[in-house]
Amino acid sequence: MALPSSARTKAPPATSDSQLVADFHARMARQSLDWADSDKDGRVTKDEYMAGQARLAELSNNPNDVAGNEERWAAIDTTGKGWVNETELGDGLAKMFPVSVGHLDPGYAERLRNLRT
């Protein structure tokens, strides 16, 4: 029995693990730029970064770790020019937040699908 063409599902194209990680870092860079770029000129200055980190600390009821923020800024602005664009921000965040894609073995994944509550 053949399914009508309207009933067939269209699977999304397969994405490589490295592309998934790159997409994650790109989204993180975009969100960080949107959060910190207070004058919306497409780049984040050290002052904007530090102010953004202070806002994050306040919103999460945590102390503002100025020394830690200085270290993180130095890891992001590796040239010391005082500002970074989205690409440089993404590169710095990727170094600070290395991630990878994990895969479950097929048997374990199947057991998770069949859990009954």
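Modeller: The largest pocket has a volume of about 240 Å³. A pocket is an open set of points on a 1 Å grid over the protein atoms alone, where a 1.4 Å probe fits, with protein on both sides within 12 Å along at least five of seven lines. The volume is the space filled by probe spheres set on the points. Keep in mind that this is a predicted model, where local features need pLDDT of at least 70 and side-chain atom pairs count only at pLDDT 80 or more, while totals for chains, interfaces and linings use all residues. Residues are numbered from 1 along each chain, and side-chain values use heavy atoms, leaving out hydrogens and water.

Colleague: Which helix gives the most to the lining of the largest pocket?
Modeller: Lining residues have an atom within 4 Å of a point, and there are 16 of them here. H1, H2, H3 and H4 each supply at least two; helices are DSSP runs (H or I, at least four residues). With 5 residues, the top giver is H1.

Colleague: Is Asn69 buried or exposed?
Modeller: Asn69 is found in helix H3. Buried means under 20% relative accessible area, exposed over 50%, and partly exposed in between (1.4 Å probe, protein chains only). Asn69 has 3% relative accessibility, so it counts as buried.

Colleague: And what about Asn62, with its relative accessible area of 46%?
Modeller: Asn62 has its place in the loop between H2 and H3. Its 46% makes Asn62 partly exposed.
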